[in-house]
Amino acid sequence: MKILFINNFLSKGTINREPLGILSLTATIKDRHKVFILEPTRDNIDQKIKSIKPDVIAYSIRTSYHKYYIDLNRKLKSKYKFVSVFGGPHATLFPDMIKEKGVDCICRGEGEEALLEFLDTLENKGDITKISNFWVKKNKKIYRNPVRPLIQNLDELKFPDRSLLDNYKEIKSSKIKNFITGRGCPYACSYCFNAGFRKIYFGQNYVRKRSVGNVIKEIKGVKDKYGIEIAILEDDTININKKWLLEFCKKFKALGIKFICIGIRADLVDENMVRSLKNS
């Protein structure tokens, strides 16, 4: 199967923050399916779609950006034949968007295993209406499937496939790359998507952390390939586990680059933690 992701990753607000969700999905599926990406503000959309002839066009969307992608998909649906799949925070928390014209499928929650099963099933002409995590609109009927169990050992996941963006010089030459060292947050702040995600995955171990060695291996590989100077750590709350963070700081220092933490929770900070962050 040929799957095309459409994502605006060259905007002012995202230029140094690669779409890690898409890159993680790509790493999972690329051994069995052909993966492409399109930047709608940069690429010639029609030319690229005519060239690729994708079987599936997929979007990872956040609230406030969702209308743009739904409208774009509707226009593409009027001209080309493909199956549309919407994932990401907005599709997960507001799955009724599947009722929108042109939206064929919704993938809720973490999608690595689900998307691979979906593409395999579609390729083999199987029944896509029974795949966990997916809501599917078919023959004017909506099939709503529950989410599958969360992946508990994040070290089992392949590193995000950053090579998908190598054709975009701004991304490839950037000395700043972003990383995620874990998934989930134990808090349920009302303004955060985690509050909604925790309800969807109620009863499961929601907060999971990659091993320090696994994270360091990824960052070192990216540093060696792209010559980065700064790593942005995108975790919602990176200082949940003090022991983990202190070990990470110690091992990160050997890489000889700097890092920026996006999510530091103030009431979990102490002097030893701050000192370790500074020294690393």
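Predicted model: local features only at pLDDT ≥ 70, side-chain atom pairs only at ≥ 80, totals over all residues.

Asp-235 is found in the loop that runs between E11 and helix H9 (242–252).

*Surroundings of Asp-235*

- With a relative accessible area of 5%, Asp-235 is buried, because the cut-off for that class is under 20%.
- Its side chain makes a polar contact with the side chain of Lys-209, at 3.4 Å.
- Leaving aside residues up to four places away in sequence, Asp-235 touches Lys-209 together with Phe-179, Ile-180, Thr-181 and Gly-182, and also Ile-262 and Gly-263.

*The sheet E8-E11-E12*

- An open sheet is formed by 3 strands in the order E8-E11-E12, and the pairing is parallel.
- Strand E8 (176–179) and strand E12 (258–261) are the edge strands, each of which pairs on one side only, and from one strand to the next the twist averages 25 degrees.
- The parallel pairing of E8 with strand E11 (residues 230–233) extends over 4 bridges, and in this part of the sheet Asn-178 stands opposite Ile-232 in E11.

*Helix H1*

- Of the 10 residues of H1, 8 are buried, so the helix is largely enclosed by the rest of the structure.
- The buried residues are Leu-20, Ile-22, Leu-23, Ser-24, Leu-25, Thr-26, Ala-27 and Ile-29.
- The cover over these buried residues includes the strands E1, E2, E3 and E8, strand E9 (182–183), and the helix H5.

*Nonpolar cores*

- The largest nonpolar core has 32 residues, and those with the most contacts inside it are Ile-3, Phe-5, Val-56, Leu-115, Phe-118 and Phe-134.
- Two or more residues each come to this core from several elements, including strand E1 (2–6), helix H1 (20–29), strand E3 (56–60) and strand E6 (134–138), while H5 gives the most, with 6 residues.
- Phe-134 touches Val-85, Cys-105, Ile-106, Cys-107, Ala-114, Leu-115, Phe-118, Tyr-143, Arg-144 and Asn-145, when residues up to four places away in sequence are not counted.
- Another core, of 23 residues, lies apart from the largest one, and among its members are Ile-6, Ile-45, Ile-49 and Ile-52.
- As general background, nonpolar side chains tend to be buried together in soluble globular proteins.

Key. Residues numbered from 1 in each chain as written. Heavy atoms only, no water. Pairing = 2+ DSSP bridges. Axes fitted to C-alpha atoms, helices over the stretch in contact; angles between N-to-C directions. Core = buried A, V, L, I, M, F, W, Y, C linked by side-chain atoms within 4.5 Å. Buried < 20%, exposed > 50% of the residue type's maximum accessible area, 1.4 Å probe, protein only. Contact = heavy atoms within 4.5 Å. Polar contact = N/O pair within 3.5 Å; in protein donor to acceptor, adjacent residues only side chain to side chain.
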